[in-house]
Amino acid sequence: MNKNPYLPDLATVVDVRQETGGDRSVRTLTVEFDDKEVASSFTYKPGQLAMLSVFGKGESMISITSSPTMGKALQFSVMRMGRVTSILHYLNKGEKIGVRGPYGNGFPVGEWKGKNLIFIGGGIGSAPLRSAYSYALHNRKDYADISIIYGARTSSDIVFRDELRAIAESGGAKVELSIDKPESDWDGFVGFVAMNVKRLAPKPDNAIVITCGPVMLIKTVIKELMDLHFKPSEIYTTLENKMKCGVGKCGRCNIGPVLVCKNGPVFTVEQIGQLPSDL
Amino acid sequence: MTTTDPNELRNAIRALLESKKIRTFIGWEQGSNAFRSRPLFLRSPDEVGNEIFSPACTPCLVRMIIEDLRYPLDKPDDKRPLGIALRGCDDKGVIELIKDRRIKREEVMIVGVDCPGTVDWTKAKKLIKDRKISTDDIVNGRLIWKDRGIAIATPSGEISLEREKILMSKCLDCEGHTPRIYDVLIGKEDTKRIPAEPPKEVRELEARSPDEKYEFWDDVFSRCIRCYACRNICTYCHCEECAVDPTTLAIAADSIAADKANRPEWVGRDSTDSSNGFYLITRAYHGTGRCISCEECDRACPMRLPLRLLNRKVRKDAKELFDYDAGKSVEDKPLLSETCDNDPGDFIW
Amino acid sequence: MVMKALSQKFLPKARLQEFKGKLLELGELFAPVQEGDVAAIRRIESPGEIVDDFDQTQNNLRAVIEPQNEVILTFKDTLKPSLTEQLPAENKRIVLWCRPCDARALSPLDDNFDDALLPDPYYLRRRKSTTIIGLGCEKPFPFCFCGSVGGNPFSTDNLDVMMTRIKDGYIFEPLTKRGKDLEAQLASLFSEITVEQKDFLLEIQGKSRTLLPRTAPNPEMVHANLGKLFDSPLWKKWGDKCIGCGICTLLCPTCWCFDITDVETRGKGYRIRTWDSCQFPLFTLHTSGHNPRPTKASRVRQRVMHKYRYHPVNYAGRIACVGCGRCTELCPEDIDLIEILNDIMKAGEQQ
C-alpha cells in the first residue's frame with residue numbers, strides 16, 4: 001500500500017441520527033466516500049476504527065459502529081466531547097469530512113465461530129459492540145446463542161434503542177436492557193449493568209464475552225464474570241487512549257510496549273493483565 | 001569565601017527533620033559531575049549526609065515550591081511547612097509567591113545560606129577545555145569557594161578557576177550573598193545590598209535601531225525549540241493554564257464540550273520565529289514587576305538563547321517606569337494588579 | 001562496528017573550503033553552525049557558515065529527517081474541502097559531520113517510521129534522500145557514554161562516509177555505495193592516504209574508546225530489571241526533581257513523538273506535524289479529563305521504560321539509547337540517566 005497514511009479521503013454525510021441528548025450527546029453519522037474507488041476498496045473488520053477529520057479543527061479517532069455486512073456506507077456514533085467531536089456532532093446531510101483508516105486490530109470474529117456470544121455494554125460502549133453483534137447476526141448460522149446485555153443511565157440515553165428492539169423481536173439474539181434509576185414507564189431491570197449480569201448469570205461454557213463501556217462498568221462487569229467462572233482469555237474489551245496519528249507512529253497511545261491504535265483497541269482481559277497500569 | 005559551614009547546614013537540617021517541624025527539606029545534592037548539582041528532597045535525618053553546599057549549587061530551589069503545589073511531595077493531609085535552603089538571590093522568589101498568594105510565609109521554613117556565587121555549566125565546559133582539566137577531576141573533584149573565586153578540590157591538589165570565567169553572570173552582579181527573609185541563618189548576614197545595574201548589554205541593545213533589534217531577536221526566535229523550559233523553571237510562572245502554551249488546557253471530568261471546543265488558542269504548536277517570538281515576548285511581559293532576574297530561564301535554555309536580556313530589560317522597565325522592585329517586600333502589591341495616578345502615560349496621551 | 005574501509009583518502013586542510021563549496025553544489029547541505037555558546041545542525045547557504053571546531057550539536061539528525069515542523073497537507077475551503085498533500089521534495093540532501101551516536105540513532109527511528117504496513121512517506125523521503133558524512137570523536141565529551149550502549153566514538157552505523165580530523169586535514173572514508181559515489185564526485189580534492197596517516201587513524205580510533213568519561217550499567221540487564229520495576233519508588237524520587245520541560249526528549253536523537261494539529265484562517269489552512277514530548281503533562285490527556293500519566297513520576301518512568309524496555313521488546317532487543325548524554329547535560333535539574341539506570345540495577349537486585 002503506497003498510499004500516504006496521513007492523507008484522509010473525503011466523505012459525505014448521508015444520514016444523521018440523534019441517539020441521546022444532554023451535554024455529552026451521541027449522534028450517529030452515516031458517511032459515504034466521495035471517490036467510488038476508495039468506497040469499493042475500503043474493507044474493515046468489526047471493532048476497527050477510523051480517524052475522522054474536521055479540516056481546521058483536527059481529527060478524532062472514532063470506532064466504526066457499522067458492520068462490514070451493512071454495505072458500503074460507514075457509520076460512526078460520535079459523542080460530543082470537545083473541539084472536533086462538537087463539529088462532527090452538528091454536521092448535516094451533504095456536509096463533508098475526511099476519513100482515514102481502518103485502523104486497529106478489530107474483533108477476531110472468525111475465532112468465535114460456533115461459540116455463544118455475550119455482548120455486555122453501557123453508554124457509548126455499544127458503538128464498537130454494535131459492529132460486532134451486527135456482523136454476528138448477519139452471519140447467524142456461524143454462531144451459537146447471542147445475547148446483548150446493555151444499560152444506560154436513563155432510558156433516553158439508550159443508544160440504538162429501536163434497533164435493539166427489532167433484534168429482540170426477530171429472535172436473532174436475547175436482548176436485556178437496563179437503566180440505573182427507576183422511571184415510571186420502565187418495566188425492565190433497574191440497576192447497574194454489572195448487577196444485571198449477576199442476575200442473569202450467563203454460563204461460561206463455550207462462551208465469549210465482549211464488553212465495552214465506561215471504565216467503571218467494565219471493571220464491575222469483569223468482576224461479576226470472574227465470579228461466574230469466566231476465563232480472562234474469553235473476555236474481550238476495547239481500550240482507549242489519546243491518539244493523534246492512528247498508525248502507530250506518534251508514540252502517544254502506548255500502554256507499556258503495546259500501542260492501542262495498532263495492537264489494539266481490542267484486547268482480552270488476560271492480555272490487559274499483562275500490561276502496566278498506566279491506563 | 002562563604003561563612004556557611006556545610007556541616008553546620010547539615011546539622012540544622014537534621015535538627016529540623018528530627019523535630020518533625022517540617023515535612024520535607026529541599027536542598028542540593030552532588031550531581032553528574034563536580035560542577036553540577038540537583039534538588040534533593042530530605043525526609044529523614046539519616047539522609048542528610050547527601051546535602052551539599054558548594055559552588056555547584058546552581059539550581060534555584062524556589063521552583064520546587066511551585067512543583068510541590070501541583071505535584072505534592074508529601075501526603076495532602078500533611079500540613080507542616082516545607083524546609084528550603086535559600087541564597088541571597090532566591091528569597092525574592094519566595095516573596096513573589098507570597099505576594100501572588102500562592103503560598104503563605106508560614107508554609108516555608110527558610111534556612112538562609114551565604115552564597116558567594118555558583119557556576120555556570122556552559123562557562124565551565126569552555127574552561128575545562130581551555131585548561132585541559134582531566135576527566136577524573138571533572139567527575140570526581142569537588143568545588144569549593146576560595147578567596148574571591150572557585151577551586152576544584154582534587155586528591156592531588158586544588159585547581160583555581162577564574163571567577164569571571166566560571167560564575168553565573170548574575171553572580172558577577174550579586175546584590176547580596178544572604179537572604180533577607182529566613183527562619184534560621186547558617187553563617188553571617190551579608191549587610192551590603194548592591195542594587196543590580198542592568199547589564200550594559202541591555203543598554204546597548206536598547207540603543208539599536210528597530211530594524212537592528214528586529215534582526216537580533218528574529219534570529220533568537222528562530223532558534224527556539226519551544227521546550228518551555230524557561231517557563232517551567234521560572235520562579236514566577238505558576239499559572240495552572242498557560243496562555244501561551246496550547247497544550248495546557250485545564251480540563252476536568254466535568255468540563256462541558258462547548259467549553260473545550262471554544263477555548264481560544266493564542267499560539268499554535270508550530271515552532272516558527274513568529275510563534276516563538278509571541279511566546280517569549282508575552283512571557284516576558286507577564287513577568288513585569290514579578291521577574292527577579294534569577295536567570296534560571298537563561299541557564300535552562302538548551303539552545304542558550306540570551307533570555308537574560310529579556311528578563312533584565314523587564315526588570316529595568318519596572319524600576320524605571322514604576323519605581324518597582326520585584327521581590328522586595330511581601331507588603332508590596334503586585335505591580336500589574338493596580339493603576340496609580342502617577343503611572344507614566346506619555347505613550348497613551 | 002568499524003567496517004573495513006573501502007578506500008580511505010586524505011583531504012588536506014587547504015582544500016577544506018573548496019570541499020564545503022562542492023558539497024553545496026551537490027545538494028541541500030546541513031552542517032554544524034556556531035550559535036553563541038553552542039553548535040547546531042542547520043541548512044547551509046555558504047561554506048563560511050560551517051564551524052569546524054565543535055563538540056556536539058544541540059540538535060541532531062531529526063532536524064534534517066524528522067523536522068520539528070512539517071506541514072503534511074493543506075486544505076482550501078473547510079466546507080467543501082480540497083486537500084493538497086505536502087510531501088517533502090525529493091531533493092538530494094547531505095549532512096556534513098554528524099556524530100556517530102546521532103547516526104546510530106536513526107536505527108530506532110527507522111524501526112518506528114519505516115514500517116512495512118504503514119510506512120511514513122514524509123520521514124522516508126527525507127531519510128532515503130540524505131547522504132550522511134560522519135565525524136569521528138577522537139576525544140569524547142563530558143557526558144558521552146556511547147560505549148555502554150553498543151556504540152563507539154567511531155561507529156559507522158547508518159553513515160555513508162566517516163571523516164576524521166587529523167593533523168593538516170581530514171581522512172575521508174566512504175562506507176557505502178553512496179559514500180563512494182560522493183568520493184568520486186569530489187575526487188580532485190583528495191590525495192592518497194599515507195601509511196603514517198593510516199596508523200595514526202587506527203591509533204586514535206583505538207584510544208577514543210578509552211577516553212569515554214562515563215559508563216552506564218549493561219543495558220540488557222537494565223532491560224531485564226525494568227520488567228519488575230513498574231511500581232518502584234525510584235520513579236517518584238526522580239519525578240520530584242523533574243520540571244516537565246521536555247528538553248530530554250526534544251533533543252534526544254532517538255525520540256520521535258509528534259503532535260498533529262490543524263491551523264485555519266477563514267476556511268483555508270494546513271495540517272502540521274510538530275515535535276511533542278511524553279514529558280509534557282497533558283501529552284496523554286483524554287478529552288474526558290482522564291490522564292493515564294498524571295504524575296511526573298509516571299512520565300519519567302515512561303521515558304526510561306520506552307527506551308530501555310518497550311522499544312527493545314518490540315524490536316528484537318534494540319535499546320533506543322545511543323549514549324549521547326544530552327538528556328543529562330541539558331536537563332536544568334541535572335536528572336542523570338546513568339544515575340537512574342544505577343538505581344534500576346540496585347532496585348532490581350533487591351527484588
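Q: Hi! Which domains is chain B divided into?
A: Hello! In this predicted model, chain B is split into domain 1, covering 6–115 + 172–186, and domain 2, covering 200–337.

Q: How far apart are the C-alpha centres of domain 1 and domain 2 of chain B?
A: Those two centres lie 25 Å apart. Domain 1 of chain B puts 15 residues into the contact, and domain 2 of chain B puts in 15 residues.

Q: Which elements give residues to the domain 1 side of that contact?
A: H2 and helix H3 (91–99) of chain B each give two or more residues to it. H3(B) gives the most, with six residues.

Q: And what classes of residue are on that side?
A: The side of domain 1 of chain B that touches domain 2 of chain B has six nonpolar, two polar and seven charged residues.

Q: OK, new topic. Where in chain B is confidence lowest, and where is it highest?
A: The lowest is in helix H10 (residues 257–261) of chain B, with a mean of 86, and the highest is in strand S1 (residues 25–30) of chain B, at 98. Chain B has a mean pLDDT of 93, and 100% of its residues reach 70 or more.

Q: What about helix H13 of chain B: how does its span compare with what it should be?
A: They agree: at 1.5 Å a residue, the 16 residues of H13(B), 307–322, should span 22 Å, and the end C-alpha atoms are 22 Å apart.

Q: Which residues of H13(B) are buried?
A: Among them are Leu307(B), Leu309(B), Leu310(B), Val314(B) and Ala318(B). Arg308(B), Arg312(B), Lys313(B) and Arg315(B) are buried too.

Q: What covers them?
A: The cover includes helix H7 (200–206), helix H9 (229–232), helix H11 (273–286) and helix H12 (296–300) of chain B.

Q: And what follows H13(B)?
A: Asp323(B) does, and its phi is positive, near 50 degrees. As background, most residues other than glycine have a negative phi.

Q: Where does Asp147(B) lie, and what is its phi?
A: Asp147(B) is in the loop between strand S5 (142–146) and strand S6 (149–154) of chain B. Its phi is positive, near 50 degrees.

Q: Is Asp147(B) buried or exposed, and why?
A: Asp147(B) is exposed, because 10 other C-beta atoms lie within 10 Å, and the cut-off for exposed is 12 or fewer.

Q: How about Phe160(A), buried or exposed?
A: Phe160(A) counts as buried, because it has 22 C-beta neighbours inside 10 Å. Phe160(A) lies in the loop between strand S8 (146–152) and helix H4 (161–170) of chain A, and its phi is near 55 degrees, a positive value.

Q: Last one: how many residues of chain B are in contact with chain C?
A: 43 residues of chain B are in contact with 37 residues of chain C. The largest share of the chain B side, four residues, comes from S2(B). By class, that side has 19 nonpolar, 13 polar and 11 charged residues.

Technical notes
Residues are numbered from 1 along each chain as its sequence is written. Chains are lettered from A and ligands numbered from 1 in the order in which they are written. This is a predicted model: local features need pLDDT of at least 70, side-chain atom pairs count only at pLDDT 80 or more; totals for chains, interfaces and linings use all residues. The expected span of a helix is 1.5 Å times one less than its number of residues. A residue is buried if 20 or more other C-beta atoms lie within 10 Å of its own, exposed if 12 or fewer, and partly exposed in between; C-beta atoms are placed from the backbone. Two residues are in contact if their C-beta atoms, placed from the backbone, lie within 7 Å. Ala, Val, Leu, Ile, Met, Phe, Trp, Tyr, Cys and Pro count as nonpolar, Asp, Glu, Lys and Arg as charged, and the others, Gly among them, as polar. pLDDT is the predictor's confidence in each residue, from 0 to 100. Domain bounds come from an automatic or database domain assignment.
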